[in-house]
Amino acid sequence: MTAPLITLTTDFGDGSPYVAALKGMILAIDREARLLDLTHHIPPQQLRHTAFFLLHALPYFPPGVLHVVVVDPGVGSDRGLLYVDLDGCRLLVPDNGCWTLLAASLSGSPRVRRLEESRYWRPSVSATFHGRDILAPVAGWLSRGLDPDLLGPAVTSWVELTLPAPMSGHERVTGEVVFVDSFGNLITNISAETVAGLGHGPMRVLINGEVITGLARTYSEGAPGSLLALISSGGLLEVAVNQGSAADRLHAGAGEPVLVAASAS
Amino acid sequence: MTAPLITLTTDFGDGSPYVAALKGMILAIDREARLLDLTHHIPPQQLRHTAFFLLHALPYFPPGVLHVVVVDPGVGSDRGLLYVDLDGCRLLVPDNGCWTLLAASLSGSPRVRRLEESRYWRPSVSATFHGRDILAPVAGWLSRGLDPDLLGPAVTSWVELTLPAPMSGHERVTGEVVFVDSFGNLITNISAETVAGLGHGPMRVLINGEVITGLARTYSEGAPGSLLALISSGGLLEVAVNQGSAADRLHAGAGEPVLVAASAS
Amino acid sequence: MTAPLITLTTDFGDGSPYVAALKGMILAIDREARLLDLTHHIPPQQLRHTAFFLLHALPYFPPGVLHVVVVDPGVGSDRGLLYVDLDGCRLLVPDNGCWTLLAASLSGSPRVRRLEESRYWRPSVSATFHGRDILAPVAGWLSRGLDPDLLGPAVTSWVELTLPAPMSGHERVTGEVVFVDSFGNLITNISAETVAGLGHGPMRVLINGEVITGLARTYSEGAPGSLLALISSGGLLEVAVNQGSAADRLHAGAGEPVLVAASAS
């Protein structure tokens, strides 16, 4: 049987020897491990960004893949490290909430263990790099087929992280930009369902003094350079510019308020 | 038999969850797929840059490798998606011309199919991300050994993309920079053959007010910091700085005019 | 038997077609080669940075992995190319000293061969890209199981590269920053042993007008934003900012002087 895939998501940047150290430690336990980079460009220590990244990336993978996430501002404190199983989507993560948005979007209850069995860790554990010293060797052991139940005790509480919820008023919803993708598209915390709940007329989107009327179906609607609102591939309201960057055009980033109003209001 | 390799070339940037989504969708179809990143740093939606990248990258791969290219400014319009076979160099690409420069550099005729059989796609196809919803699952099916003839009808016309041709005059050629590599070397559209056609004396290269006399054989000729003209590893005239960046030194980028004149002129 | 892993470390940047060309050339020799990116973000032609990167990355890998390093400011000159075996840690490198810091940190003597057997190279070798034309095909042959003794003659001298040594005085040591990681942590050339040699009291670290008293054990000691000195995961004195960038805070980079003084001095 082929070894399961192990994906890597970190905030190390890809010039860092720490990415290489993670890979080396996994391979030192299981030479046959199959490694796959997801990103090493999470903004340093940004848990909300991490949560959003995982929410939009991991649901496409088949069950059984092991996802190692090393975004760990609390390293060296007493925060725990967790093995999480979300109906076959398996993660090794610090207990900092980076995975709970993803869990909330899936059906089923998380099965979670706290990593305590140090026999599966690097013999010498540094205070500053638990990704290399604990998560990577544990990933190597899981790649070799270790039963996750041996990693430590089952736990039923953990740190939760939530995105801000949009506020709904009479025929309007106020949310904010929660993620800016690499094209400069502004993804908001307002869901397609919420937008649909405003009724069937052409709603208006207000952001940084600009008004967008109606929802586009694709980026290529309207003239090049024109502002568009559409539902992103992840099911959230998104503001984009046809063949351009909405972030640049609107000087907007995460946290920018977004108002959606029904047509009649 | 080992699964064929699948390479990925996109303009997503590597902080993007979209790269991860592509990988996940391929693996969801074929868990044994072997994935290889070429780059995720094509400048957003730049087809000419993409064409140049593929021209300089793909000829080194052995036949049978499948190259998935997701640079797709026309997503959501009615542009097609293609499976292309160039004597064993196989591509999955939007029909936007990004592969035709490469095809022109190779012998043999392209065999091309337009992707129409939606049974090999994601059941729910978004309007904004055909890379994930069509190209990735089709790549997964090809990885599992699907006959490409089943993907859709053979076609004999497609969008062509061409680089500007240099203009030849009496003992001189006028071209332009078409690609700036990551060292700041300026690669032009003037071929080694064109340069050789100017005769055997030490020709001169004029760019942004600077004159370079003669062709160097290596980057390390001349003093550190000195300007050089040489034939690039891809067979094109290139302007470089020994241990430095020609792009910075000359404040030049793609589109900068380059004149090559015979020694006697 | 599975093919050994081949890692890639270059200064090409990951938008470069040269990274893809390297991968293609390896696969053209051995279709089954298993490739792993370490980084393509070595600052262009920076050998000291490369040396530091390898020193902090390669020791974590199991023996047998082959590490290909293409940081090659001397390409086209008569510098050699080497196959190096450091007790099972195998490298293909230009003979520019990038690997000798790593070798000095390990026990055992390097076994080194100079690549001279051109039958294992690309038939046409360019003057500007020996990574693609020599190192990559040789890596492919090694992946297929070629005996490294066939690559060329054993050699016993090579270019050495050293980091500056700290200067020790009476109860004080003067060193400098030698590496800035992607979090902005400043790693110095002062070892944990040197610091310990100053005695057991709370020593002081002076850098760019700031004084740090005592060694922290983790990044999370002290208030967010406060300066810390600690021993890095690689065993060197490091200056960091809790949840921030010491490089930004101190406007400091490689070469910045660092003074460590015993408590009583």
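# Helix packing and chain contacts in a predicted model

**View 1. Helix α2 (residues 47-57) of chain B beside helix α1 (residues 17-29) of chain C.** In this predicted model, the two axes come within 8 Å and cross at roughly 30°; axes are lines fitted to C-alpha atoms, for helices over the stretch in contact, and angles run from 0 to 180 degrees between N-to-C directions. Helices (H or I, at least four residues) and strands (E, at least two) are DSSP runs, numbered from the N terminus. α2(B) and α1(C) are therefore roughly parallel to each other (angles under 35 degrees count as roughly parallel, over 145 as roughly antiparallel, 65 to 115 as roughly perpendicular and the rest as oblique). Their crossing is right-handed, a term for a near helix turned clockwise from the far one by less than a right angle, with anticlockwise giving left-handed. F53(B), H56(B) and A57(B) of α2(B) make the contact with P17(C), A20(C) and A21(C) of α1(C), where contact means heavy atoms within 4.5 Å. By class, five nonpolar, one polar and no charged residues take part in the contact of α2(B) with α1(C); Ala, Val, Leu, Ile, Met, Phe, Trp, Tyr, Cys and Pro count as nonpolar, Asp, Glu, Lys and Arg as charged, and the others, Gly among them, as polar.

**View 2. Helix α2 (residues 47-57) of chain A beside helix α1 (residues 17-29) of chain B.** The axes cross at roughly 30° and come within 8 Å, which makes α2(A) roughly parallel to α1(B). The crossing of α2(A) and α1(B) is right-handed. From α2(A), F53(A), H56(A) and A57(A) meet P17(B), A20(B) and A21(B) of α1(B). The residues of this contact are five nonpolar, one polar and no charged.

**View 3. The contact between chain B and chain A.** Chain B gives 30 residues to the contact and chain A gives 28. About 2,500 Å² is buried between chain B and chain A, 58% of it from carbon and sulfur atoms; buried area is the accessible area (1.4 Å probe) that two parts lose on being put together, summed over both. In chain B, the residues that lose the most area to chain A are P17(B), Y18(B) and T128(B), together 22% of what that side buries. There are zero salt bridges between chain B and chain A (a side-chain nitrogen of Lys or Arg within 4 Å of a carboxyl oxygen of Asp or Glu).

**View 4. The contact between chain A and chain C.** Here 30 residues of chain A touch 28 residues of chain C. Chain A and chain C bury about 2,500 Å² between them, and carbon and sulfur atoms account for 58% of it. On the chain A side, P17(A), Y18(A) and T128(A) lose the most area to chain C, together 21% of what that side buries. The count of salt bridges between chain A and chain C is zero.

**View 5. Helix α1 (residues 17-29) packed against helix α4 (residues 130-143) within chain A.** Their axes lie 8 Å apart at an angle of about 40°, so α1(A) is oblique to α4(A). The crossing of α1(A) and α4(A) is right-handed. Nine nonpolar, two polar and one charged residues form the contact of α1(A) with α4(A).

**Notes.** Residues are numbered from 1 along each chain as its sequence is written, and chains are lettered from A and ligands numbered from 1 in the order in which they are written. Local features need pLDDT of at least 70, side-chain atom pairs count only at pLDDT 80 or more, totals for chains, interfaces and linings use all residues, and side-chain values use heavy atoms, with hydrogens and water left out.
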